[in-house]
Amino acid sequence: FENLTLQGKTALSKISQLRKLERLATIDGLTNIPNHRHFQEILDNLIISTKDSKVPFSLLLLDIDHFKNFNDTYGHQLGDLVLKQVAKSICKNIRQSDLVARYGGEEFVVILPGIDEDTIKESAERVRKGIESLKIPSESGDLQVTVSIGGSIWFKHAEVKAKLIECADQAMYLSKEGGRNQYSEFKNQ
């Protein structure tokens with residue numbers, strides 16, 4: 001009986017360890033949202049599931065404006081707080097069916113299932129305005145950050161994953177070149 005109890009405890013311990021490893025492999029430790037790797041897996045699955053049905057979805061790529069200057073001026077601890085607050089704001093301003101992930105550094109990505117050219121701007125503006133209204137507490141008083149957002153639409157702009165991401169990235173740079181703190185949709189050349 002003791003042997004069975006010991007085996008049960010060992011099995012439960014291994015299950016717990018596997019769950020911790022899975023979380024470490026899929027969740028960004030700082031922002032507590034899915035990481036880049038998990039985003040790629042979810043995007044792959046969404047592409048597979050929409051290929052036959054031709055149901056569109058959209059992709060937003062966001063970059064915190066002047067984040068390097070922010071880190072250099074206020075320090076990395078406050079920079080980390082900004083990343084956490086931005087992630088929370090994005091989560092608060094998207095639908096439950098959407099997915100936000102940390103793309104890398106100060107970049108975030110949002111997958112918007114079922115969103116096409118008629119509603120992508122509305123979704124992006126809700127996210128942008130939510131971030132713009134954040135008050136980041138600091139010793140110097142409340143600070144604010146903004147984001148530049150680029151968007152692309154599956155089937156309209158791309159039918160290959162890498163191209164979809166590239167289109168959102170190009171659109172994000174249009175937002176930066178246009179003055180930052182705005183949304184731009186990819187424009188077919």
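These notebook entries record what I looked up about salt bridges in this structure.

Entry 1. I noted that the model is predicted. I then looked up the number of salt bridges and found 13. As background, I recorded that side chains of opposite charge can pair when their charged atoms come close.

Entry 2. I turned to Glu41 and Arg37, whose side chains form a salt bridge at 3.4 Å, N to O. I located both residues in helix α2 (residues 36–50), where they stand 4 residues apart, about one helical turn. Glu41 has a relative accessible area of 33% and is partly exposed. Arg37, at 45%, is partly exposed as well.

Entry 3. I examined Arg95 and Asp98, which are joined by a salt bridge at 2.5 Å, N to O. Is Asp98 buried or exposed? I found a relative accessible area of 9%, so Asp98 is buried, the cut-off for buried being under 20%. Arg95, with 32% relative accessibility, counts as partly exposed.

Entry 4. I looked next at Glu122 and Arg126, whose side chains meet in a salt bridge at 4.0 Å, N to O. I placed both in helix α5 (residues 120–132), with a spacing of 4 residues, about one turn of the helix. Glu122 is exposed, its relative accessible area being 54%. For Arg126 I recorded 32% relative accessibility, which counts as partly exposed.

Entry 5. Which residues do salt bridges with shared partners join into one network? I found that Asp63, Asp65 and Lys176 are linked in this way.

How values were computed
Residues numbered from 1 in each chain as written. Predicted model: local features only at pLDDT ≥ 70, side-chain atom pairs only at ≥ 80, totals over all residues. Heavy atoms only, no water. Helix = DSSP H or I, 4+ residues; strand = E, 2+ residues; numbered from the N terminus. Buried < 20%, exposed > 50% of the residue type's maximum accessible area, 1.4 Å probe, protein only.
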